[in-house]
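Reader: Could you walk me through this one? I am new to it and would like to take it slowly.
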Amino acid sequence: MSAKVSRTVLKTSTSGDRRAECNPQKYDDGTFEIDHVIASSHGGLTRASNLCLACFSCNFYKAVNLSGVDPQTGKVIRLFDPRRQNWKRHFRWNGAILVGKTQIGRATIQVLRINLPIRVALRQSLIDIGVFPSSDG
Ligand SMILES: [Zn+2]
């Protein structure tokens with residue numbers, strides 16, 4: 001990945017709307033990674049429009065997946081694309097739990113294991129010290 005692409009992704013990521021946000025980066029022990037929205041194994045290109053900043057856990061569980069199963073409907077649904085879709089349309093916080101508002105949100109939470117107990121516990125500890133939002137507002 002070129003330095004120019006990396007800088008572009010990081011610049012847009014810090015604006016808050018180009019990442020699959022599950023933890024504030026500065027409180028996450030793991031390294032945030034630049035992830036392909038469409039994995040290169042599926043033909044995704046290494047350019048800013050196909051890259052987003054993701055924490056290690058989200059990137060690990062997403063792997064090369066493009067879709068998941070909505071646990072509510074059982075339908076196969078394409079995963080959330082932080083480059084092209086609005087986070088607030090598909091997700092909301094209920095305390096430390098991320099809630100999927102749509103099929104895309106629910107399938108993405110499931111595949112990325114965003115509500116694993118250890119991840120919820122981390123977010124709850126951040127809420128407890130006042131550095132993580134516990135609601136959409
Ligand atoms: Zn994450």
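Author: Let me begin with a definition: helices (H or I, at least four residues) and strands (E, at least two) are DSSP runs, numbered from the N terminus. Residues are numbered from 1 along each chain as its sequence is written. This is a predicted model, in which local features need pLDDT of at least 70, side-chain atom pairs count only at pLDDT 80 or more, and totals for chains, interfaces and linings use all residues.

Reader: What pLDDT does the protein chain average?
Author: The average is 83, and 78% of the residues score at least 70, where pLDDT is the predictor's confidence in each residue, from 0 to 100. Over residues 14-18, however, the pLDDT is below 50.

Reader: What comes just after α4?
Author: There Arg-113 takes a positive phi of about 55 degrees, in the loop between α4 (103-112) and α5 (117-128). Most residues other than glycine have a negative phi. Arg-113 counts as partly exposed, with 15 C-beta neighbours inside 10 Å.

Reader: Switching to Ala-63, where is that found?
Author: Ala-63 lies in the loop between α2 (56-62) and β3 (67-69), and has a positive phi of about 50 degrees although it is not a glycine. Ala-63 is exposed, with 11 other C-beta atoms within 10 Å.

Definitions and conventions. Two residues are in contact if their C-beta atoms, placed from the backbone, lie within 7 Å. A residue is buried if 20 or more other C-beta atoms lie within 10 Å of its own, exposed if 12 or fewer, and partly exposed in between; C-beta atoms are placed from the backbone.
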